[in-house]
Amino acid sequence: MHGTDDLFRELHSLCGGGYYFGFHLRYSRPVLVRSTYEDVWSLHYSKRKFVLADPTMIWALLHTGATRWSEIDIPDPLGVLREAACYGYRFGVTCSTGPIESRSLGSCARRDREFTDAE
C-alpha cells in the first residue's frame, strides 16, 4: 500500500516542472496544499492574483477528471498560461475529483513536452 509521501515522490518524478494540489477545497480554501512550483513563480502568481482567472482552476471547479492545459478552452484574460510558459511551465495537466463541496484539484507541469495519456 502506498503512503501519501510515496505517491508524491512518484508524482514528482512525472512532472519535473512541479505541481500544485489543493485537497478538500471548502469555502474557497483547501484543507491541505502540496506544491513544488518554484518560489519565484508562486510569488508572481500570488501577487498577480492569477487564481481569480486561472483557466486551469476554473476547469477544475467545473469538471472532474484530467485534461492537458493545451486542451482547456476557457478564456485566459490575465494571460496566466502565457505567464506560466515564461516561467518554464509550458506543458501541464490539470486534475479534479470529488464533490463540489469538497473538491480536490491540482496541476502538474513539465518544461519539455506534453503529458502522455498514460501519465
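**Note on the predicted model**

1. Leaving aside its neighbours within four places in sequence, Arg68 is in contact (heavy atoms within 4.5 Å) with Gly92, Val93, Glu114, Phe115, Thr116 and Asp117. Arg68 belongs to strand 3, where strands (E, at least two residues) and helices (H or I, at least four) are DSSP runs numbered from the N terminus. With a relative accessibility of 18%, Arg68 counts as buried; buried means under 20% relative accessible area, exposed over 50% and partly exposed in between, with a 1.4 Å probe and protein chains only.

2. On the basis of the note: this is a predicted model, in which local features need pLDDT of at least 70 and side-chain atom pairs count only at pLDDT 80 or more, while totals for chains, interfaces and linings use all residues. Residues are numbered from 1 along each chain as its sequence is written, and side-chain values use heavy atoms, with hydrogens and water left out.

3. Ala66 is also placed in strand 3. Ala66 is exposed, its relative accessible area being 54%. Not counting residues up to four places away in sequence, Ala66 touches Trp59, Val93, Thr94 and Cys95. The C-alpha atoms of Ala66 and Thr97 are separated by 8.8 Å, and these residues stand 31 apart along the chain.

4. Four helices and five strands make up the secondary structure of the protein. Read from the N terminus, the order of elements is α-β-β-α-α-β-α-β-β. The radius of gyration is 14 Å, close to the 14 Å that the globule rule gives for 119 residues, so the protein is as compact as a globular protein of that length. That radius is taken over C-alpha atoms, and the rule is 2.2 Å times the number of residues to the power 0.38. The C-alpha trace spans about 40 × 35 × 25 Å along its principal axes.

5. Of the 119 residues, 39% count as buried. Among contacts between residues at least 6 apart in sequence, 57% join residues at least 24 apart. The accessible surface comes to about 7400 Å², and carbon and sulfur atoms hold 57% of it; the areas come from the Shrake-Rupley method with a 1.4 Å probe, and for residues only the protein chains shown count as cover.

6. In helix 3 (residues 55-62), the residues Pro55, Thr56, Met57, Trp59 and Ala60 are buried. The buried residues of this helix pack against helix 2 (39-47), strand 3 (65-68), helix 4 (80-86), strand 4 (91-97) and strand 5 (103-110).

7. The protein has eight aromatic pairs, counted for rings of Phe, Tyr and Trp (its six-membered ring) whose centres lie within 6.5 Å; planes under 30 degrees apart count as stacked, over 60 as edge-to-face and the rest as tilted. The ring centres of Tyr19 and Phe21 are 6.1 Å apart and their planes stand at 55°, so this pair is tilted. Tyr19 and Phe21 are both buried. Trp41 and Phe50 also form a tilted pair, with 6.2 Å from centre to centre and 35° between the planes.

8. Trp41 is buried at a relative accessible area of 5%, and Phe50 counts as buried at 0% relative accessibility. One aromatic cluster is formed by Tyr37, Trp41, Tyr45, Phe50, Tyr87 and Tyr89.
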